[in-house]
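Visitor: Hi, could you walk me through this fold? I'd like to start with how the strands line up.

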Amino acid sequence: MNALHSLDALMNPFRSAAPLFTKAVHLPQAVTPEPYAGLLVHHEHMTVAMENFHKDRVDVEVLDRHLEGPILFRKIILRCSTSGVVVQFGLVRFDLRTVSQQVRDEIMAEETPLGRILINHNLLRHVDLNAILELSLGEELAALMEVPAGTTTYGRLATLFCDHQPAVDLLEVSRPLG
């Protein structure tokens, strides 16, 4: 797997004049600096990791979405419920054929983070961590996170399996910490 090709494939449906990142570097998991290593290097849902790290429930905000047949593409942010601070940016490619109609309906309602929906429905799931990325934020993403353009942060590429089938490809980017 080439992490930068995977990143590019997730960004393609959401291309704009301004790039999301001005630099992306694939890092070995072992050299991921703290606190990002604890936040990103695991096989759990980022919804849970973000809530534990920020000690607050997170809410999803869908910035853009489109459907290509059964494949849902979403561009999202997660905000802390109490402060409203953006703690995560994400790009999602979801094969809706891998879940029930009830789960699809909840996903399409755009009211609940994906990880929480899957956990609430007790779907057999596994998160396969594919890569850790060091990223320099472009203007659009920096503005969403209320930091200067060019700020460095870290993210991960992962594949989520539902009932042993690859269902979701994800880019999950942490708010700059420190």
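Guide: Happy to! Leu27 stands opposite Ile132 in β5. Strands and helices here are DSSP runs numbered from the N terminus, with at least two residues (E) for a strand and at least four (H or I) for a helix. Keep in mind that this is a predicted model: local features need pLDDT of at least 70, side-chain atom pairs count only at pLDDT 80 or more, and totals for chains, interfaces and linings use all residues. Residues are numbered from 1 along each chain as its sequence is written, and side-chain values use heavy atoms, with hydrogens and water left out.

Visitor: Thanks. Over how many bridges do β1 and β5 pair?

Guide: β1 and β5 pair over 6 bridges, in the antiparallel sense. Two strands count as paired if DSSP finds at least two bridges between them.

Visitor: And how many bridges join β5 and β6?

Guide: There are 11 between β5 and strand β6 (residues 152-162), again antiparallel. Within that pair, Asp128 has Thr159 as its bridge partner, and Leu129 has Ala158.

Visitor: What is the order of the strands in the sheet?

Guide: The open sheet has 7 strands in the order β1-β5-β6-β7-β4-β3-β2, with antiparallel pairing. β1 (21-27) and β2 (58-68) are at the edges with a single partner strand each, so one side of each has no neighbour in the sheet. From one strand to the next, the twist averages 25°.

Visitor: Which strands does α1 touch?

Guide: α1 packs on the sheet and touches β1, β4, β5, β6 and β7, with its direction at about 140° to that of β1. Helix α3 (residues 46-54) also packs on the sheet, touching β2, β3, β4, β6 and β7, and its direction makes about 170° with that of β4. Touching, or contact, means heavy atoms within 4.5 Å. The angles run from 0 to 180 degrees between N-to-C directions, using lines fitted to C-alpha atoms, for helices over the stretch in contact.

Visitor: Switching to the inside, which residues touch the most other members of the largest nonpolar core?

Guide: Phe21, Phe89, Leu91, Leu157 and Leu171 do, in a core of 23 residues. Such a core is a set of buried Ala, Val, Leu, Ile, Met, Phe, Trp, Tyr and Cys residues joined through side-chain atoms within 4.5 Å. Buried means under 20% relative accessible area, exposed over 50%, and partly exposed in between (1.4 Å probe, protein chains only). A second, separate core has 18 residues, including Val99 and Val127.

Visitor: Where does Val99 lie?

Guide: Val99 is in the loop between β4 and α4 (101-109). It counts as buried because its relative accessibility is 7%. Beyond four places in sequence, Val99 touches Phe94, Arg104, Leu118, Leu123 and Cys162. The C-alpha atoms of Val99 and Cys162 are 7.5 Å apart, although 63 residues separate the two along the chain.

Visitor: You mentioned a cysteine. How many disulfides does the structure hold?

Guide: The structure holds 0 disulfides, where a disulfide is a pair of cysteine sulfur atoms within 2.5 Å. Cys162 counts as buried because its relative accessibility is 0%, and Cys80 is buried at 7%.

Visitor: One last thing: is Lys75 buried or exposed?

Guide: Lys75, which is in strand β3, is buried at 7% relative accessibility. Its side chain makes a polar contact with the side chain of Glu140 at 2.7 Å. A polar contact is a pair of N or O atoms within 3.5 Å; within protein, one must be able to donate a hydrogen and the other to accept it, and residues adjacent in sequence count only if both atoms are side-chain atoms.
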